[in-house]
Each structure stands twice: as structure tokens, then as C-alpha cells.
Amino acid sequence: MSIVKRFIAGAVCPRCGEMDCIRTFRDDEREYKECVRCDYEDSMRLDGTPDIEELETRVNRDTGPQIEEGAQPLLFTENLGSARKDH
């Protein structure tokens with residue numbers, strides 16, 4: 001089976017910013033995109049399943065923030081002394 005590579009008209013490379021330099025091709029399992037001007041490459045599985053699990057971050061973590069026992073919140077107030085005008 002020969003692989004046919006086609007350019008994507010009007011596509012802009014996310015790495016170098018050049019237009020009309022991205023080409024795409026696919027094999028039995030993946031679709032690939034590559035830039036002919038820089039070393040940008042990207043691929044995606046054709047069945048839509050992710051390659052790896054999403055990395056855990058503070059945004060997608062199921063548990064809330066851990067608060068130590070005995071911890072007390074800080075209360076910030078405005079410094080009214082610097083806002084006072086002397087006549």
C-alpha cells in the first residue's frame with residue numbers, strides 16, 4: 001500500500017506560522033500532519049481513542065484542596081491610613 005500525502009489548502013503551521021505547508025496522510029491506524037518547512041508533526045488515532053490518559057492537574061483533580069488541621073484563614077483589609085488626605 002502506498003501512502004498518499006496531500007497538502008491542506010490554507011492551513012497554517014502552529015509552530016512556524018507559515019501557510020500552505022501542512023500536509024496530511026494516514027495509515028491503517030493513524031492520521032498524520034506534518035509541516036514541510038519546520039519539524040512540526042502531529043498524529044491522531046482514527047478510532048478517536050486517546051493515546052495516553054490526561055495528566056492530573058489541580059484543575060481536573062477530584063479531591064478539593066487539603067487544609068491542615070488548626071489552619072485559620074487570613075483576612076485582608078484596606079489600609080485606610082494611606083487613603084486619608086491631610087488638609
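A word on what you are looking at. This is a predicted model, where local features need pLDDT of at least 70 and side-chain atom pairs count only at pLDDT 80 or more, while totals for chains, interfaces and linings use all residues. Residues are numbered from 1 along each chain as its sequence is written, and side-chain values use heavy atoms, with hydrogens and water left out.

Now the overall layout. The protein chain has 4 strands and 0 helices, and from the N terminus on its elements run β-β-β-β. Helices (H or I, at least four residues) and strands (E, at least two) are DSSP runs, numbered from the N terminus. Of the 87 residues in the chain, 13% are buried. Buried means under 20% relative accessible area, exposed means over 50%, and partly exposed is in between, with a 1.4 Å probe and protein chains only.

How are the strands arranged? They form an open sheet of 4 strands in the order β1-β2-β3-β4, with antiparallel pairing. β1 (6-7) and β4 stand at the edges with a single partner strand each, so one side of each has no neighbour in the sheet. Two strands count as paired if DSSP finds at least two bridges between them.

Let's zoom in on one pair. Strand β3 (residues 30-35) and strand β4 (residues 41-45) run antiparallel over 5 bridges, and a hairpin of 5 residues joins β3 to β4. Which residues in β4 are the bridge partners of lysine 33 and glutamate 31? For lysine 33 it is aspartate 42, and for glutamate 31 it is methionine 44.

Stay with aspartate 42 for a moment. Aspartate 42 is partly exposed, with a relative accessible area of 39%. Beyond its neighbours within four places in sequence, aspartate 42 is in contact (heavy atoms within 4.5 Å) with Glu31, Tyr32 and Lys33.

Over in strand β2 (residues 22-26) we find threonine 24. Is threonine 24 buried or exposed? Threonine 24 counts as buried, at 19% relative accessibility. Its side chain reaches the backbone oxygen of tyrosine 32 at 2.9 Å. Leaving out neighbours within four places, the contacts of threonine 24 include Val4, Arg6 and Lys33.

What about the inside? The largest nonpolar core has 6 residues: Ala11, Cys13, Cys21, Ile22, Cys35 and Tyr40. Such a core is a set of buried Ala, Val, Leu, Ile, Met, Phe, Trp, Tyr and Cys residues joined through side-chain atoms within 4.5 Å. Not counting residues up to four places away, isoleucine 22 touches Ala11, Cys13, Cys35 and Tyr40, among others.

Here is a backbone detail. Aspartate 20, in the loop between β1 and β2, has a phi near 60°, a positive value in a residue other than glycine. Most residues other than glycine have a negative phi.

Finally, the charges. The whole structure has 6 salt bridges, each being a side-chain nitrogen of Lys or Arg within 4 Å of a carboxyl oxygen of Asp or Glu. In one of them, arginine 15 pairs with aspartate 39, with the closest N and O atoms 2.8 Å apart. Arginine 15 is in the loop between β1 and β2 and aspartate 39 is in the loop between β3 and β4, so this pair ties together parts 24 residues apart in sequence. Glutamate 18 and arginine 37 also meet in a salt bridge, at 3.4 Å from N to O. That pair links the loop between β1 and β2 to the loop between β3 and β4, 19 residues apart.

My last stop is in the sheet. Glutamate 34 forms a salt bridge with arginine 23, their closest N and O atoms being 2.5 Å apart. Glutamate 34 is in strand β3 and arginine 23 in strand β2. Glutamate 34 is buried, with a relative accessible area of 12%, whereas arginine 23 is partly exposed at 25%. Salt bridges with shared partners join Lys5, Arg23 and Glu34 into one network.

Technical notes:
Polar contact = N/O pair within 3.5 Å; in protein donor to acceptor, adjacent residues only side chain to side chain.
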